[in-house]
Every structure is written in C-alpha cells, then in structure tokens.
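Subject: Handing over the two-chain model

Hello,

Here is the structure we spoke about. Please open it first, then read my notes below.

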Amino acid sequence: MDFSWLADPFYQAYLLEGFVNTLWLVAVSAVGGLILAVAVALARLKGPRPLAWLAHGFTTVIRGTPLLVQLFFFYYGVGRLLEGIPGVQDSLIWPILRDPFFYGALTFILSVGAYSGEVLRGALLSVPPGEREAGRAFGMSPFQVFFRLWLPRAIQLCLPTLTGEMILLLKSVPLVSTIALMDLLQAANIIRDETFLVYEPLMLIAGIYLAMTMVLTVVLRQVERHFPGTQPTRHRWLPIRGQARTPKVPDTPHHR
Amino acid sequence: MNTVSQEGLLDWAGPILQGALTTLEIAVLAYAIGLMLGLVGASARLSPWAPLRGLATAYSTAVRAVPELLLIILLYYAGSQALTALTNAMGLPGQIAINGFVTAVGVLAFVQGAYMTEVLRGAILAIPKGQLEAADAFGFSTWARFHRIVIPAMLPNALPGMSNLWLILIKDTALISVIGFSELFFTIQQAAASTRAHFLFYAAAGVIYLLMTLTSTALFARLERYVRRGQPISEEA
C-alpha cells in the first residue's frame, strides 16, 4: 500500500473539491427533492385527476429506471438538445446549463422527489382522518390543516424511512463521476490515472464514504430524536430502498 | 445540432436487444448467487457462534455503507489482481484478464448478497417461535425443519424485500457499463455516441428498463399471492 500521493497538494485539492461537491450535491438534492416529494404526494392524493395521473407516471418512470440512465438522459440527451436551441449559448443561464452540477442536482432532485414522494404518500394515508376532521372543526383552512396537521403527522410516521432515503442519496453521488463532475470518485479516478495506483485511491474513497454514512446516520438519528412527537424507534441503520414500510396506524372510529 | 443521421434506432435494434438479453442473464445469475449468499449470511448472522456472527455483520454492514458504483469498480480491479496473484503464486506467469460477464455477475451477486442477508434475517426472525419449537418437538431434523418450516414460513415476510432487491438489481446492472462490459446500457451509450442521437437512445434505454421493472413487479405480485395462500387475508388487500 502506497499512500505517498496523499502528500501532493494537487491531489489534496482534488479530494477536497470532490468532498465539498459531494456535500453540496447531497444538500441541494435533499432540500429540493423533499419539497418536490411533498408536491408529488399531495398531487397524487388530492390533485385533480390529470395531475394525479401525471404524478403517478412520474414516480413510476423515475423509480423504474436506473439512476445512471436518468443522469445520462438529462446530461447528454436533454443537455445536447438545449445546446442546439439557437440563442441559448449566449443567454445568461448558459453557464448553469453547461455545468454538470446542474444536471447532477436535477437528476437527484427528481429521484428523491419520486422515492420520498411515494413514502410520504403512504404516510399521509396512514394519518387517521379524524385528526384532519378535528382540524377542520377548529376552523382551520384546508391549507392550515395540511401544513400544520396532516404533513407533520405524516412526517412523524415515516421519518426513519425519509432519513434512510437521505443515506441512499449520499450513496448515489459517485454516479456523477460519469458526467465529469468532480466528486470523490472522480478525484480518485484522476489520481489513479496519474499515479497508476489502483487500490489506494479507491480504498481511501471507500473509507471516506464509510465515515460519511456513519456520521450522516448519527446526525439523522438526532434529527429523528428531536422531531416533536416521534417515539424513539429502534430501526436498523443502512436502509434498503423500499424496505421500511410505513407503520399502519389504526383508524379512529367515526363518532356520529 | 441536427439529430438527423444515417444510422437510426432500427440499425441498433439488434445489438440493443442482445444487450438487454445479456443484462437479464447477468441479473438472473447474480440474483440466484446473491440469494445463496444471503441465505448463508442470514444463517451466519443468526448463528450462536459469535465470530461467525461478527463476520456476517461486517460483510453486510461494509457492503451496504459503501456506494455500489465504488464497490463495483473496486471489486473489478481487486478481482482481476487477486486472480493474477493467485495464478502467479501457482507458478503461472502473466496477467489474468477476467471475463467481463463473470466479473459483472460476481460483483453484483456480492453486493446483492449483503442486502439479501438483511432481508432474509428479518424474515426469519419474524417467524413465530412456537412453529420452530413445534418442529423440534416432532423430531424434525435441522434440514427438514429448514426446508419444511423455515423457508415456507419466511417467504411471505421476505418476498416484498426480495422483490425490491430484484428491482434494485436490474437497475444496478446499468452500473456495469462503467467497467466497460457490453450489457444493455453500454450498448446504448455506444449507439448514442455513434448516431449522436443522445436524447433518443437514452429515452429508449429508459423505456426498456421500465418494461423490465414493470414486468417484474407484476410477476412478483403473483408470486406473493402464491406464497401467501393459506394465510388469513390481510387488511391491506
């Protein structure tokens, strides 16, 4: 094992850039993706029929195709099409449209939106309808009922699954090395090509990811602990996509 | 840029279909081996012998904490170097280049096995203890108890997880294109690069994968109904 290249400031700079980009990508995709997830879940449950179908089709397509294919589709497929539109290259948004980070973030936001949207939909369905009726009876507007009652209650129910999705998101970041975005894997690829060392850079990245997963798990567990009203659940760390099921909450009987 | 070119989707239909078949072959083989690894892993994780338990836990934790793409690249290089070292040690000089198909299956099965370990472990733990005790009381041998009681009782619990893993596996086969083995997505990339019709070919790739996953979902739903026969109808239905 030869780790002498670690002393090289150029490689340090690559690794640092890769690390920062990874964190940025996770942060942007998590925030954007969760907002999209709420929209998707709401559209599927309460949207007018065409919108509900659209949301359903969106989740089916995103969840049924590989993330790598989506990444290539947006970066090479859509990216090249945009390039061909006259005037785009001179426009102000061109620096954004040229940046692989934009396509990486776009793909991940859509992905988180579809997977978490499905989780959230199940959780929204598990909230006893009586609670929403109570909100209406207190004179809350439908908007208030959703944001103050229904959504927070649903998040309580599916929080461990949602935090699991975030760990899965972190683990999909290396895919962006295929669209020439400088993440940790891309940094390792450059170091490998220049030093002819195969294992060492990859092992280092694997170690960094192991550490990042553990830190993220601990942080997310704190988030779960401090989210009001959640019981501390004993659940496994390291999720399997689609494994965790939303707990079924018994419906409160209707009193008339 | 104009997407009009001499070559179109039809010229590539043959290679793409061939790639899709290769992808399915890889997935089926990797799934079968992953299932075996998962059974061994789950038994090890539930074993009364601590070192075995530790080993299985280390395997499933390490594999699940590191991104799949990284593992595939790492194992791809590690696999060929380990084999070369082995043959050199046996007195056969030279480099060994392992067949891309074998690598693809091996790597995906190794990753799949770790996830399968967790799914099967959970399913086995969910079997009511009395059923196992009843089997013991009737004098079942360990093997008879395993394939007569444990497997049928575990399947309804394990199948949703197993179906998810199969879908994940189909999607993970696309990662194999990164190490340059010509399965479906690698063929698509070549087609897109050669015709410059990126949008068309990547959309086509999406459609093909979607067909595979949707068909699998339907088949697994039927299978689940079959293994749940004799169980009380659940409220969810």
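Which residue forms a salt bridge with Asp136(B)? The partner is Arg145(B), with the closest N and O atoms 3.1 Å apart. A salt bridge here is a side-chain nitrogen of Lys or Arg within 4 Å of a carboxyl oxygen of Asp or Glu.

Some ground rules. This is a predicted model, where local features need pLDDT of at least 70, side-chain atom pairs count only at pLDDT 80 or more, and totals for chains, interfaces and linings use all residues. Residues are numbered from 1 along each chain as its sequence is written, chains are lettered from A in the order in which they are written, and side-chain values use heavy atoms, with hydrogens and water left out.

**Salt bridges**

Over all chains, the count is seven. Back to the pair above: Asp136(B) is partly exposed, at 43% relative accessibility. Arg145(B) is partly exposed too, at 23%. (Buried means under 20% relative accessible area, exposed over 50%, partly exposed in between, with a 1.4 Å probe and protein chains only.)

In chain A, Arg153(A) pairs with Glu131(A), and their closest N and O atoms are 2.6 Å apart. This pair links distant parts of the chain: Arg153(A) sits in helix α7 (residues 142-172) of chain A and Glu131(A) in helix α6 (residues 129-137) of chain A, 22 residues apart. Helices are DSSP runs (H or I, at least four residues), numbered from the N terminus. Arg153(A) is partly exposed at 22%, and Glu131(A) is partly exposed at 23%.

Arg228(B) and Glu224(B) also meet in a salt bridge, at 3.5 Å from N to O. Arg44(A), Glu118(A) and Arg121(A) are linked in a network.

**The interface**

Contact (heavy atoms within 4.5 Å) joins 41 residues of chain B to 43 residues of chain A. The two chains bury about 3,700 Å² between them, 74% of it on carbon and sulfur atoms. That area is the accessible area (1.4 Å probe) lost on putting the two parts together, summed over both.

How many salt bridges cross the interface of chain B and chain A? The rule finds zero. Elements giving two or more residues to chain B's side include α2 (50-65), α3 (68-89) and α8 (198-227) of chain B. The largest share, 10 residues, comes from α8(B).

Best wishes
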